[in-house]
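Subject: Structure handover

Hello,

Here is the structure I said I would pass on. My notes on it follow below.

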Amino acid sequence: MSFHSTVLGVDVSTRHMVGAMESFVLGITTNHIIGALGIFILTLLVAKWDQGVLSDSLPQVGYGKGFLATIQNFLLAYARHKVWVEEGYEKYTKNNRPFIVPWGFGRRSAVVLPQSQIRWLLEQSDEVISADEANNDSLYARYNFLGNAHPQDPFNNRAIGRNLIRALGELTPGMQEEVQDSIDREFGLDTQKWKSLNIWDMWLGLIPQITNRMVLGKDLGRNSKLLSSMVGFTESVLRNVFLLDFLPRSLHPLLGPLLAIPNWFHHRRAIRMTLPVIQKRLMDMERKANGDPAYNSWTEPEDFITWCIRQARLEGDLTELKASKIAQRTLLVEVASIHTTAMTAQNAMIDILAAGPSVLEALREEADRVFREENYQWSKAGLAKLYRIDSAIRESQRRSNFAVTLLDHKVIAREGITHKDEGWHIPYGSTLTLNLNGIYHDPDLYENPESYDAFRYSRPIEEYAAQSDGSKDPAEGEKYRKMGMVTTSETHLIFGHGRHACPGRFFVAHELKLAIAYMVLNYDLKNIAERPAPTVMGNFILPSFRIQMQIRRRDNNVRAPSADNKKIHLTGAQETMLGTLLGRFKDAQHPQPILNDLWAGRILDQIDYDFAKLKMDRMQFSAICMRSRTFDRWTTEFIERHEDTGATVICLACGLDSRSLRLQWGPKVRWIDLDLPDVVALRRKLLPTPGGDYRLVDASVMEDAWLQDIPADRPTLILLEGLVMYLTEEEGKGLLQRLVERFPSGQLIFDAVGSIMIAVQHRSQIAKATGTSMYWGLDQPQALEALAPRLRLRDIARFGDQDGANELPLLVRCVAWALSHVPYIRDVGYVLRYEF
């Protein structure tokens with residue numbers, strides 16, 4: 001197309017657009033303008049009428065109470081809310097007077113009580129004012145939580161309040177596992193280069209996984225699809241809250257259900273994954289309660305699913321024993337846990353990084369000292385000793401509060417409520433709240449309230465602890481014990497106060513302490529120059545979501561003493577598994593890992609073995625991890641293909657492989673790892689047991705007894721990584737034949753080497769170090785189809801075809817491409833997938 005024709009085309013298009021606009025403007029009549037203006041005025045009138053009538057005896061901030069003033073209040077409330085509340089705090093709250101603060105279109109005006117009336121507020125009956133109803137209104141629960149009946153019942157709080165505190169000790173080791181796994185994954189293990197992370201994205205990668213350990217237990221805690229649905233549901237709720245705050249209340253019944261459509265999508269997706277686990281738990285607990293002998297040694301896991309079942313039985317509420325009801329409740333807990341915890345964590349991390357290097361050093365010193373005292377395993381008592389980390393978080397909650405007002409209560413008594421001493425009356429449907437921002441930034445309550453003093457609360461505690469026992473005042477000690485972040489008071493309201501205080505705050509404190517302690521112990525963190533200014537949106541004071549942090553794995557990260565490490569005595573083919581382990585570890589440390597198996601480093605740290613003799617360059621450890629990544633992908637494909645019917649996965653000669661831990665597999669999958677007894681004994685010491693239907697079998701692959709013990713009731717995937725080349729051809733073919741004949745359908749995945757590799761194996765450093773020999777060189781994979789009539793070769797993945805090959809350096813890729821065209825050399829090694 002020529003330049004002139006292009007210009008002409010633009011000119012013609014512009015003329016059409018201008019002409020259309022002219023036609024539209026000329027088509028607007030006086031009636032149209034009057035109609036639009038009438039709709040706008042009607043909306044304002046309905047909104048004003050919907051506000052209700054609050055006591056004339058109470059002063060109001062904003063632009064006043066007249067009609068025009070109300071319009072200004074509606075239009076500017078979102079931008080001016082914090083300013084109005086601050087003005088009211090100075091003029092009225094500090095003089096012990098309540099005041100009215102107007103809201104926008106989406107909410108009714110609220111009465112802000114002075115601090116002196118907190119006790120009066122909390123003494124009111126739940127039949128008169130309700131914190132739960134106010135919370136439902138602020139979250140638009142009728143729409144966001146997929147129905148009005150469910151979220152208004154505070155069953156969740158009762159279930160958590162009755163069970164969480166006593167279960168914290170049992171939950172802590174599992175939480176420590178999730179903290180380590182999620183942080184290592186998000187931060188990486190590179191000890192050489194600094195890495196930049198978005199702090200908000202980092203927390204959203206950590207908190208849902210740690211929370212899921214408490215909510216859904218070990219089996220579902222790391223399911224990436226489920227985590228995505230939980231985060232997606234939470235984000236949909238928050239987005240809808242902001243949008244509905246802007247919209248007139250009269251439009252909520254129409255637009256609320258439409259905005260909540262994504263909520264339904266995330267809910268349905270999540271419930272498909274959680275329902276089978278909940279249904280099985282209901283059945284297990286029922287059989288245990290009925291005295292089934294098979295359950296004599298079975299104990300129900302401590303998680304929210306179990307707590308809901310216990311609470312429903314305690315209350316005799318059969319409707320709460322429905323799996324679908326419990327699954328729905330898990331979403332409510334996730335929203336509260338993910339949203340508020342992430343906001344608290346975001347503010348705390350920004351405040352800590354902006355406070356200077358001395359704060360990080362003091363936190364690291366405390367975490368290191370207490371962790372060693374706890375023998376490198378956190379406990380409930382050990383976390384309670386982290387006074388500085390606790391103080392740093394609590395001070396951030398005060399200095400960087402994420403809400404202007406809090407502790408909302410809705411008047412639900414039809415006759416309203418009257419303050420007898422002061423004489424003012426608040427009608428039904430009104431909201432009472434407290435000025436959180438004013439209290440937290442009042443110089444009469446806090447010295448230098450606008451400064452972040454990380455150790456404001458821990459300093460007196462540590463000074464008291466340093467005193468001799470004879471000089472300690474018990475009353476003073478009791479006062480200091482109440483300075484922890486979980487102890488609510490009339491000046492520490494972020495978790496609420498009184499009988500409606502958040503029951504999950506104890507879990508949040510453990511979660512954040514574990515995370516921050518692990519970060520400062522194992523990573524160097526660069527300070528930031530200053531704290532970015534927050535963004536105020538209505539009642540929310542939002543931290544920066546774009547700020548980055550610079551991190552690097554520390555060389556001297558805290559590990560258990562070598563005296564506790566396991567001495568390894570393996571020989572021959574068994575010893576080669578340590579070479580595979582080293583390869584996965586080196587890959588995870590590389591800036592551009594292929595497999596990024598974070599479990600490898602944790603296993604390596606526990607082993608007393610001379611890994612230096614297993615010399616390995618990048619090409620070698622990349623080849624190991626490309627093979628494993630290909631195994632991982634094909635395994636995941638098989639599991640997803642049989643997600644509805646269920647499947648069995650058998651990993652033969654599993655060694656110290658972490659596939660059963662690093663892959664996601666649901667409740668309908670039976671996973672079996674098998675190796676020789678001495679390897680299995682070592683594996684039990686070094687690796688945790690995966691959740692779900694998992695079995696670890698100690699037997700030789702060449703035996704038949706173990707094979708007959710495995711049910712042949714579902715499609716079966718058999719993995720033989722790093723095994724068949726160490727068998728003779730007769731042994732290998734016999735094993736493959738027995739496996740195919742045992743199971744009705746499934747796949748075989750194994751790696752093999754060609755005869756050229758057998759000929760040059762003496763040059764391998766691992767072969768030299770371990771004294772191992774390979775025997776079976778497979779040059780014609782297609783020929784194995786003759787072993788069984790149903791066996792068919794589906795895929796061959798040579799070196800250049802394996803997962804991660806395109807991530808290798810350009811020169812290596814070019815060499816691999818060239819060698820892939822040389823008939824004899826290209827078959828030096830490959831990964832094979834057969835179907836039967």
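**Notes on the structure**

At 55% relative accessibility, N375 is classed as exposed, where exposed means over 50% relative accessible area, buried under 20% and partly exposed in between, with a 1.4 Å probe and protein chains only. N375 sits in the loop between α14 and α15 (380-384), and its phi is positive, about 60°, although the residue is not a glycine. Another residue that is not a glycine but has a positive phi, about 50°, is N448. N448 belongs to the loop between α17 (436-440) and α18 (458-465).

Some ground rules before the rest. This is a predicted model, in which local features need pLDDT of at least 70 and side-chain atom pairs count only at pLDDT 80 or more, while totals for chains, interfaces and linings use all residues. Residues are numbered from 1 along each chain as its sequence is written, and side-chain values use heavy atoms, with hydrogens and water left out.

The chain has 836 residues, of which 53% are buried. Its secondary structure comes to 30 helices and 21 strands; these are DSSP runs numbered from the N terminus, with helices being H or I of at least four residues and strands E of at least two. Of the contacts (heavy atoms within 4.5 Å) with a separation of 6 or more, 76% are between residues 24 or more positions apart.

**Cores**

A nonpolar core here is a set of buried Ala, Val, Leu, Ile, Met, Phe, Trp, Tyr and Cys residues joined through side-chain atoms within 4.5 Å. The largest one has 136 residues, and W203 and M549 have the most contacts inside it. Helix α13 (residues 323-354) supplies the largest share of this core, 15 residues. At least three core residues come from each of domain 1 (51-139) and domain 2 (155-403 + 447-490 + 494-553), the bounds being those of an automatic or database domain assignment. Leaving aside residues up to four places away in sequence, M549 touches F187, K195, S196, L197, I199, M202, M349, L353 and L525. Another core, of 33 residues, lies apart from the largest one and includes I672, L727, V740 and A788.

**Helix packing**

Axes are lines fitted to C-alpha atoms, for helices over the stretch in contact, and angles run from 0 to 180 degrees between N-to-C directions.

- α12 (residues 304-315) and α13: the axes come within 10 Å and cross at roughly 120°. The two helices are therefore oblique to each other; angles under 35 degrees count as roughly parallel, over 145 as roughly antiparallel, 65 to 115 as roughly perpendicular and the rest as oblique. F304, I305, C308 and I309 of α12 meet I326, R329, T330 and V333 of α13.
- α14 (residues 357-373) and α16 (residues 387-399): the angle is about 140° and the axes are 8 Å apart, so this pair is oblique. The contact involves A362, L363, E365, E366, A367 and R369 of α14 with Y387, R388, I389 and A392 of α16.
- α7 (residues 155-187) and α20 (residues 505-522): they pack at about 35°, with axes 9 Å apart. Among the contacting residues are L164, L168 and F187 in α7 and F506, L514 and M519 in α20.

**One more loop**

E643 is in the loop between α23 (618-641) and β15 (647-652). Its relative accessibility is 40%, so E643 counts as partly exposed. E643 and W665 are 22 residues apart in sequence and 8.8 Å apart in space, C-alpha to C-alpha.

Regards
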